[in-house]
Amino acid sequence: MRIGGKHRRTVWLAEDGRTVLTFDQTRLPHELPVLTLERLADSTHAIRAMKVRGAPLIGAVAAYGVALAMRADPSDAALDEACATLGATRPTAVNLRWALERMRTVLAPLAPGEREARAYAEAAAICEEDVAVNRAIGERGLPLIEAAARRKRRGEPVNILTHCNAGWLATIDWGTATAPIYLAHRAGIAVHVWVDETRPRNQGAAITAFELGQEGVPHTVIADNAGGHLMRRGMVDLCLVGTDRVAANGDVANKIGTYLKALAAFDNGVPFYVALPSSTIDWRLADGSAIPIEERAGEELALVSGRTRDGRIETVRITPDGSPCGNWAFDVTPARLVTAFVTERGVCRASEAGLLSLYPERAAA
Ligand code: MRU
């Protein structure tokens, strides 16, 4: 998608074909500096410090992290070490494990001398597939927005509520939840997005709002607590969110606060859709109770960063010194609250049967 009118992706290679470039997302919406990854340690740090974030992007950067490791040392021990270190960076998004297992499956049988080139090729393939998969999610989800548009009075926009950032900056391009929105906007359908600010790290206010603004999609940032009120007033036509891990029964882990939105949507009869690539399905987990929920430093809650009038970025404390903060980064929404999944293969019910109807090869696995 576009930044300053220019099409960009979130990961690309420098001219040497080996140095990995991405964006440091921690300074959005004010700045978006390019981040250079030259070593395995650069990749692990970028993921752990959330300079890159969002389930599919974490997987892609981890894949390139393995490639950087193979560039330095293509031995079996280095491959093990890279997968273990990267795998420990963030616990909830299963795309990380998916990408690392894919890299290991491809690289382990090779002679060490063949590994570097193959690792870069596989990481590039993961990125290309991500773009195609997200575009397909957009095409599969577009009819849901078209149907909502037909129910609106002429000229009234379809109001879509989203949480966190499941946009192109969380993927390689298009985003998951945002792909249908971008396609609808390009098709001339009037859409308006309610953007949950998404405390404590404000991925909605800082990242989703930035993305939508760059694409010219009408949107309004709202406090996390506002969604229920808007739904009761009939101001939300549908919710569309991303996810970090879906269990085999359809339970959905996503950014903290998603569950509350799903409850409010259920109570108000507002459709609640979850967009996901199949790399986000954890077929090994029967339900969401075993999904590891990341707990992050309380400082993320206690401190807020922003740009001052004279252009400096400053961080201030908003809680009393000494008050402890609890910072659970994700929650699990039970499948029964999800109207449907939007995947690259189509729309299905949020259930094991629904998922298997789109991925029948998994029934035998
Ligand atoms: O903690 P983050 O910013 O990595 O969390 C991201 C989200 O929760 C996204 O909504 C999710 O990964 C889906 S991304 C397409």
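**Strand pairing.** I began with S3 and strand S4, the latter at residues 20-23. The two pair in the antiparallel sense over three bridges. This is a predicted model, so I read every position as a prediction. I then looked for the residue opposite Trp12 and found Leu21 in S4.

**The sheet.** How many strands form the open sheet, and in what order? I count three, ordered S3-S4-S5, with antiparallel pairing.

Which strands does helix H2 lie across? I noted S3, S4 and S5. Helix H2 covers residues 55-72 and runs at about 25° to S3.

**Asn95.** I moved on to helix H4, residues 95-107, where Asn95 is found. Is Asn95 buried or exposed? Its relative accessible area is 1%. The cut-off for buried is under 20%. Asn95 is therefore buried.

I then asked which side chain makes a polar contact with the side chain of Asn95. It is that of Ser279, at 3.2 Å.

Last, I listed what Asn95 touches, leaving out residues up to four places away in sequence. The list has Ala55, Pro56 and Gly59. It also has Asp244, Pro277, Ser279 and Thr280.

Definitions and conventions
Residues numbered from 1 in each chain as written. Predicted model: local features only at pLDDT ≥ 70, side-chain atom pairs only at ≥ 80, totals over all residues. Heavy atoms only, no water. Helix = DSSP H or I, 4+ residues; strand = E, 2+ residues; numbered from the N terminus. Buried < 20%, exposed > 50% of the residue type's maximum accessible area, 1.4 Å probe, protein only. Polar contact = N/O pair within 3.5 Å; in protein donor to acceptor, adjacent residues only side chain to side chain. Contact = heavy atoms within 4.5 Å. Pairing = 2+ DSSP bridges. Axes fitted to C-alpha atoms, helices over the stretch in contact; angles between N-to-C directions.
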